[in-house]
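Hi,

Here is the structure I promised to hand over. Have a look at it first, and then read on for my notes.

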Amino acid sequence: MTGGASAYAMAVCVGSAAWLAAARDPGARRARVLFVDEAEVPRRPWAGLAAVRVFALERREWWCVPVAVLLAALGASVLPLVAGAVAVPSVRRWLRGRSRRRARERGAEAVTALCGAVVGELRAGREPGQALLVAVRDAVAPDGALDGAEAAVLAAARFGGDVPDALRKAADGPGLGGMAGMAACWRVAVDGGAGLAAGLDRLEGALRAERLRREELRAQLAGAWSTVVVLALLPVAGLGLGAALGADPLGVLLHSPGGLMCLAVGGLLEAAGLLWAARIVRGGEAA
């Protein structure tokens, strides 16, 4: 790669980072300038770098852009830029799906912890409503895993509302299906006089057993996921090996008819293989 191309790629990357840092929150900056005395605003010399870091962590799909720019500069072609633009929404969708799965896992763990905390408070001699208040406030709410569902439950428990109905509505949240079991235990205890602590204790045991099964299944599928990742990285390793041997794999792939055909067919086969392997593993997880 020539020196001009290197300087161009570096300028593009630096310009992109500066633009992202400046565009992070223009409204807040304008408000500070208009309504706050400039002398009163504390100056933070590393605020720009902090904004870039926050943006990089929250918008990780945009990491595809500098990689595409670098590949475009190395191969002297616009095709990597097109591929990077196409990859951004796909990576965003994958990251959002992973965030939803993690939210469901946190919600299930929060419900399990809530059951255990309520059982502990009941056995300590508290009334059911007071036990639920203390458990939600002290054991679960600081985590934020209930995602706002605790507000209706707290209101029902504090002001004598329909606690089972509030628990049943809260069960619609991600990973909070166990709260429907809590609602059933609460309803049976109120209507039939059964022991609430015993029912919640059995529910907690069932939720913990389900969590252990999920963790065991995830551990068994870790090898399959590792194989999928290795297979996905093999073409990249092949390109790096070809460049290390003195060949020009990017030039061949991006600037010759045969290379373009191989790139298109290889990309389709790579995508199909990844989707098929992921489907197999997901099927195992669902089972």
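One term before anything else: a residue is called buried when its relative accessible area is under 20%, exposed when over 50%, and partly exposed in between, using a 1.4 Å probe and protein chains only. Accessible areas come from the Shrake-Rupley method with a 1.4 Å probe, and for residues only the protein chains shown count as cover.

Please keep in mind that this is a predicted model: local features need pLDDT of at least 70, side-chain atom pairs count only at pLDDT 80 or more, and totals for chains, interfaces and linings use all residues. Residues are numbered from 1 along each chain as its sequence is written, and side-chain values use heavy atoms, with hydrogens and water left out.

The overall picture

The chain has 12 helices and zero strands. Helices (H or I, at least four residues) and strands (E, at least two) are DSSP runs, numbered from the N terminus. Of the 287 residues, 25% are buried. The chain exposes about 18200 Å², with 64% of that coming from carbon and sulfur atoms. If you take contacts (heavy atoms within 4.5 Å) between residues at least 6 apart in sequence, 58% join residues at least 24 apart.

Start with α5. Its 45 residues should span 66 Å at 1.5 Å a residue, and its end C-alpha atoms are 66 Å apart, which agrees. The expected span here is 1.5 Å times one less than the number of residues. α5 bends by about 30° at A87, with a proline, P89, following within four residues. A bend is the angle between axes fitted to the seven residues ending at a residue and the seven starting there. Just after α5, G125 has a positive phi of about 105°.

Then there is α10, residues 196-244, where 49 residues should span 72 Å and the end C-alpha atoms are 68 Å apart, again in agreement. A kink of about 35° is centred on L221, and L221 is also among the buried residues of α10.

How they meet

T112 sits in α5 and is buried, at 4% relative accessible area. Leaving out residues up to four places away in sequence, T112 touches E204, L207 and R208.

There are 10 salt bridges, a salt bridge being a side-chain nitrogen of Lys or Arg within 4 Å of a carboxyl oxygen of Asp or Glu. One joins E109 and R211 at 3.6 Å, N to O. That pair links distant parts of the chain, with E109 in α5 and R211 in α10, 102 residues apart. Another pairs R123 with D201, with the closest N and O atoms 3.2 Å apart. This one also links α5 (R123) to α10 (D201), 78 residues apart. R123 is exposed at 57%, while D201 is partly exposed at 32%.

R208 is partly exposed at 39% relative accessibility, whereas E204 is buried at 12%. Shared partners also join E109, R211 and E215 into one salt-bridge network.

Happy browsing!
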